[in-house]
2 protein chains.
Amino acid sequence: MNEVILLGYAAAALTSLSFLPQAWLVIRTGRTDGISLLMYSLFTVGVAFWLIYGITSNAAPIIAANAVTLTLALIILSLTAKNRLALRQKSKP
Amino acid sequence: MNEVILLGYAAAALTSLSFLPQAWLVIRTGRTDGISLLMYSLFTVGVAFWLIYGITSNAAPIIAANAVTLTLALIILSLTAKNRLALRQKSKP
């Protein structure tokens, strides 16, 4: 394994696992106030595209990174969407 | 430009620009309550690694994506860190 692939794996591990504390924070506290729903909507679709790109171009670090990130992003997105929906229901007259 | 490169650019655009509404939300409201500081610390370092990976492996979509994302992640990280620090100062006896 050469240095470039190793660097790719380090990058993949960092950017993917970084969503773990965010997902855990959202699960633990249930708070999603400061989180942008638009961000996680665009991000989740983008990560799905990266996954297909990785598979198509046979780039292992990209595949590994985005499989993990997609799972975590989906957790954050669904909990944020659930909270926003509940908030909208509550503010209805 | 073939389909794989195009897919890479679409993925790059989505995941990078997704941080724009999050950065804007943080700048506009100043609220970073639900945001994980650990996430943005790991994420920012990871994105910097991706940028080097992209440059080293000459992958244009990865370079473009991570240059934009690094800028936006740095904004979110610095404002979140600033708020956490202010909160820690306030809670001191």
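In the predicted model, a salt bridge links A:Arg31 to B:Asp33, and the closest N and O atoms of this pair lie 3.2 Å apart. The rule finds 2 salt bridges across the interface of chain A and chain B. Across this interface there are also 8 residue pairs in polar contact, with both residues at pLDDT 80 or more. On the side of chain A that touches chain B, at least two residues are supplied by each of α1 (3-17), α2, α3 (37-56) and α4 (60-90). Helix α3(A) gives the largest share of that side, with 13 residues.

The extent of the interface can be given in residues and in area. In chain A, 36 residues are in contact with 36 residues of chain B. About 3200 Å² is buried between chain A and chain B, and carbon and sulfur atoms give 80% of this area.

Two residues of helix α3 of chain B were examined individually. B:Gly46 is found in this helix. Its relative accessible area is 0%, and B:Gly46 is therefore classed as buried, the cut-off being under 20%. When residues up to four places away in sequence are not counted, B:Gly46 touches A:Ala11, A:Leu14 and A:Thr15. Within chain B, the C-alpha atoms of B:Gly46 and B:Leu70 are 9.2 Å apart in space, while the two residues are 24 residues apart in sequence.

B:Thr44 also belongs to helix α3 of chain B, which covers residues 37-56. B:Thr44 has a relative accessibility of 7% and so counts as buried by the same cut-off of under 20%. With its neighbours within four places in sequence left aside, B:Thr44 is in contact with B:Leu70, B:Ala73, B:Leu74 and B:Leu77.

A:Leu17, A:Leu20 and A:Val68 make a nonpolar surface patch of about 240 Å². A:Leu20 lies in helix α2 of chain A, which is formed by residues 19-29. The relative accessible area of A:Leu20 is 46%, which is between 20% and 50%, so this residue is partly exposed. A:Leu20 can be part of a patch because patches are made of residues with over 30% relative accessible area, and the value for A:Leu20 is 46%.

Notes:
Residues are numbered from 1 along each chain as its sequence is written. Chains are lettered from A and ligands numbered from 1 in the order in which they are written. This is a predicted model: local features need pLDDT of at least 70, side-chain atom pairs count only at pLDDT 80 or more; totals for chains, interfaces and linings use all residues. Side-chain values use heavy atoms; hydrogens and water are left out. Patches are made of residues with over 30% relative accessible area and no salt bridge: like charges are joined within 9 Å, nonpolar side chains (Val, Leu, Ile, Met, Phe, Trp, Tyr) within 5 Å. Accessible areas come from the Shrake-Rupley method with a 1.4 Å probe; for residues, only the protein chains shown count as cover. A salt bridge is a side-chain nitrogen of Lys or Arg within 4 Å of a carboxyl oxygen of Asp or Glu. Helices (H or I, at least four residues) and strands (E, at least two) are DSSP runs, numbered from the N terminus. Buried means under 20% relative accessible area, exposed over 50%, partly exposed in between (1.4 Å probe, protein chains only). Contact means heavy atoms within 4.5 Å. Buried area is the accessible area (1.4 Å probe) that two parts lose on being put together, summed over both. A polar contact is a pair of N or O atoms within 3.5 Å; within protein, one must be able to donate a hydrogen and the other to accept it, and residues adjacent in sequence count only if both atoms are side-chain atoms.
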